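Please read the following account with the sequence and the 3D view side by side.

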Amino acid sequence: MEIVDNEDVASWVYDSLSVQPNKIPLYITLERSLSRSVSEGSQDMNNRSDPSFQYDDVDSTIFSTELDDQSPIAVSSPHEQIIVNFDLDNADNVSYGSREEDENPTHGVEINVSVQPLDDNFASSSSYRSKKRRTEDFENVTIVDTNEDILVGQLYPSKKALKQHLGMLAIRKNYEFKVKRSTSDQFEVGCLDPSCKWQLRAVKLQELTYFEVRKFHNEHSCSLDIMHRDHRQASSSLIGQFVKSKFEGGTSRIYRPRDIIDDARVQLGVNIGYNKAWRAREAALEIARGSPEGSFAILLAYCAMLERKNQDGTFLKGKYFGTMFVAACQDGENQIYPLAFGVVDSENDASWSWFLTKLRGAIGVVENLVFISDRHGSIAKAVDIVFPEAHHGACIFHIANNLQSKFGKKRKILMLYHTAAKKYQVSEFNTLMDDIRKIKDGEVCKYLEDIGCHKWARAHFMGYRYNMMTSNIAESMNAKLKEARKLPITALVDHLREVLQQWFVERRDAASSLNTHLTKWAENKVRKNNNCGLHMRVSPIDLYAFQIHDQSQTFTVDLNNMTYTCREFDLDRLPCAHATVACRFKGVSVYSMCSQFYTANALMLAYAEPIWPVGNKSEWDVSQDVQNKIVLPPIRQVIPGRRKTVRIPSVGEDAIRKKCTRCGGAGHNRATCKNPIPLD
């Protein structure tokens with residue numbers, strides 16, 4: 001430690017006392033011929049006949065002092081030794097000062113020695129306080145603003161926080177420093193230029209994690225020639241601190257390494273390379289969202305708190321790849337209503353059986369339950385085992401992709417297939433299948449029949465499929481969570497909870513404002529059907545049965561049994577155009593024919609329960625059993641190259657090619673476009 005002034009000496013004394021109270025090994029080398037007097041506030045010292053002594057023609061004199069309770073002060077030199085009795089408990093103050101003697105201004109240093117015992121209540125504004133402080137002294141320590149300058153006496157929760165503050169100031173003010181000493185309880189830095197006096201020293205307070213700034217000389221006299229091109233303090237972790245706000249508060253923000261390079265140059269005046277920018281982005285993501293390993297560690301505790309607060313197949317993009325399962329349905333407003341989420345290592349028989357078993361435990365036995373999914377074999381097996389009473393339909397979109405892959409992109413095939421799949425009446429379906437049978441010698445028709453018409457055709461489906469012919473709601477959830485899939489596991493789960501919390505609040509408010517019997521979507525659909533039936537003619541059959549004449553076709557409506565030969569109401573559970581004509585003729589409310597799932601009251605009940613956050617981690621109260629369980633990240637194989645972040649299209653699915661809105665070219669967007677724009 002370099003001692004250059006009075007405060008350095010006093011600070012060093014107090015540091016030594018805090019480590020080994022009441023003992024100060026002190027060595028001071030005095031150059032030239034010195035005249036030195038030692039005075040002490042005790043009676044023993046005042047009684048000495050000649051308190052001053054003179055050393056002439058001595059190049060150096062060592063003054064060593066060891067202070068202890070009731071121990072003497074020993075002054076050692078090549079000439080003589082003087083013993084001074086010293087009582088620490090009766091000492092009044094401590095001061096180390098120097099002044100030139102009047103008689104000999106070129107020689108002589110007076111050192112006045114006395115010691116003040118340690119006081120735990122020593123003022124916190126002092127620049128040389130004891131490291132031994134009570135924890136309660138720092139309960140109200142404020143968070144350091146890294147945009148402000150460093151002050152002597154300032155406290156930092158750790159050495160890392162101090163280094164971070166120093167680094168940020170160095171980048172903002174365009175200077176560099178190097179670490180002179182860094183131990184578990186001391187931290188000292190100086191300017192990169194040896195001739196510059198800029199320096200900072202901090203020590204760790206005893207029994208605490210806080211580091212206190214004891215000395216800070218905040219003036220630079222260094223040359224600009226010593227500055228590095230990319231700045232010595234501009235590490236990837238520190239740049240990550242600067243840009244972390246870009247990743248807070250949302251997951252859809254696109255912030256690339258190139259953006260970090262530009263921001264570092266414009267805002268900080270620092271030039272960094274692509275590799276450092278990439279590492280800074282990863283560091284910022286970890287700061288804002290947590291590390292993947294740490295996220296797995298707190299997953300069980302988070303889930304336990306989530307369950308306590310709320311009693312009542314998408315591929316992940318993070319460091320540890322996996323698959324997220326989603327089970328969702330539609331509410332009466334034709335909106336996505338998520339039921340369950342699950343994260344597994346891969347998509348297989350065991351994982352789907354586990355997920356559907358958990359789903360059954362959550363929803364129980366549901367009458368007329370229907371599953372719509374792609375034709376993944378593991379899903380079909382799991383549904384048959386876990387939900388044997390349910391009906392399982394195939395997504396017509398995935399089958400259409402398979403048709404394209406197998407038979408080419410024939411527009412006629414796809415048009416006939418989609419029309420046949422959506423027909424309500426078996427007779428109309430059969431007519432369209434006869435047309436498909438004529439294509440490619442019946443190979444297309446045979447392929448669809450081998451799948452099973454009851455899997456994809458509405459007319460042959462055994463359950464109530466309503467208007468859900470595809471698994472688009474799962475794909476919509478996939479799009480909603482596109483950026484969130486990059487998050488660590490616990491952050492991902494909390495993001496899902498946050499999305500549901502927002503949806504439930506917005507939809508509960510919307511449902512409470514409805515003044516109709518049905519939801520807004522269902523009301524519009526029934527009104528549209530009612531308008532379509534205004535030109536139809538009615539012929540009564542009996543009290544509740546009617547024949548409806550729709551141009552050249554006739555349909556039978558039985559209001560008592562709620563059956564219709566057009567089969568639209570039978571499958572959609574909403575009055576079709578023919579049913580609205582019969583209701584108007586009979587004077588029956590059309591709303592009495594609607595399924596209860598489309599009512600405003602059912603919508604309100606669906607979102608009645610709020611989704612509660614789990615609170616701050618420090619406030620979690622989980623059982624010891626949960627705390628003892630450890631969730632480790634899955635074992636992953638590191639594949640060379642950049643991680644895949646773009647979804648792999650299904651078989652037959654066309655990848656969407658985006659065009660630049662600036663030049664119209666493909667393969668890039670407006671933000672990265674470098675093509676010249678021709679002038680008109």
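Helix H11 is mostly covered, with nine of its twelve residues buried. This is a predicted model, and the description below follows its coordinates. The buried residues of H11 are Ile396, His398, Ile399, Ala400, Asn401, Asn402, Leu403, Gln404 and Phe407. Their cover includes strand S17 (391-394) and the helices H12, H14, H15 and H16 (472-480). H11 itself runs over residues 396-407 and reaches 16 Å from its first C-alpha to its last, close to the 16 Å expected at 1.5 Å a residue. Just after H11 comes glycine 408, which takes a positive phi of about 90 degrees.

Helix H13, residues 426-437, also has its span given by its end C-alphas: its twelve residues reach 16 Å, close to the 16 Å expected at 1.5 Å a residue. In H13 the residues Phe429, Leu432, Met433 and Ile436 are buried. They lie on the same side of H13, because they cover an arc of only 105 degrees around the axis. What do the buried residues of H13 pack against? Their partners are helix H12 (411-422), helix H14 (443-451) and helix H15 (453-456).

Leaving aside its neighbours within four places in sequence, phenylalanine 429 is in contact with Ala420, Lys423, Cys453, Trp456, Ala457, Ala459 and His460.

The last stop is lysine 358, in helix H9 (residues 349-363). Is lysine 358 buried or exposed? Lysine 358 has 54% relative accessibility, so it counts as exposed, the cut-off for exposed being over 50%. Between lysine 358 and glycine 342 there are 9.1 Å in space, C-alpha to C-alpha, and the two are 16 residues apart in sequence.

Definitions and conventions: Residues are numbered from 1 along each chain as its sequence is written. This is a predicted model: local features need pLDDT of at least 70, side-chain atom pairs count only at pLDDT 80 or more; totals for chains, interfaces and linings use all residues. Side-chain values use heavy atoms; hydrogens and water are left out. Helices (H or I, at least four residues) and strands (E, at least two) are DSSP runs, numbered from the N terminus. The expected span of a helix is 1.5 Å times one less than its number of residues. Buried means under 20% relative accessible area, exposed over 50%, partly exposed in between (1.4 Å probe, protein chains only). The arc is that of the directions from the helix axis to the C-beta atoms. Contact means heavy atoms within 4.5 Å.
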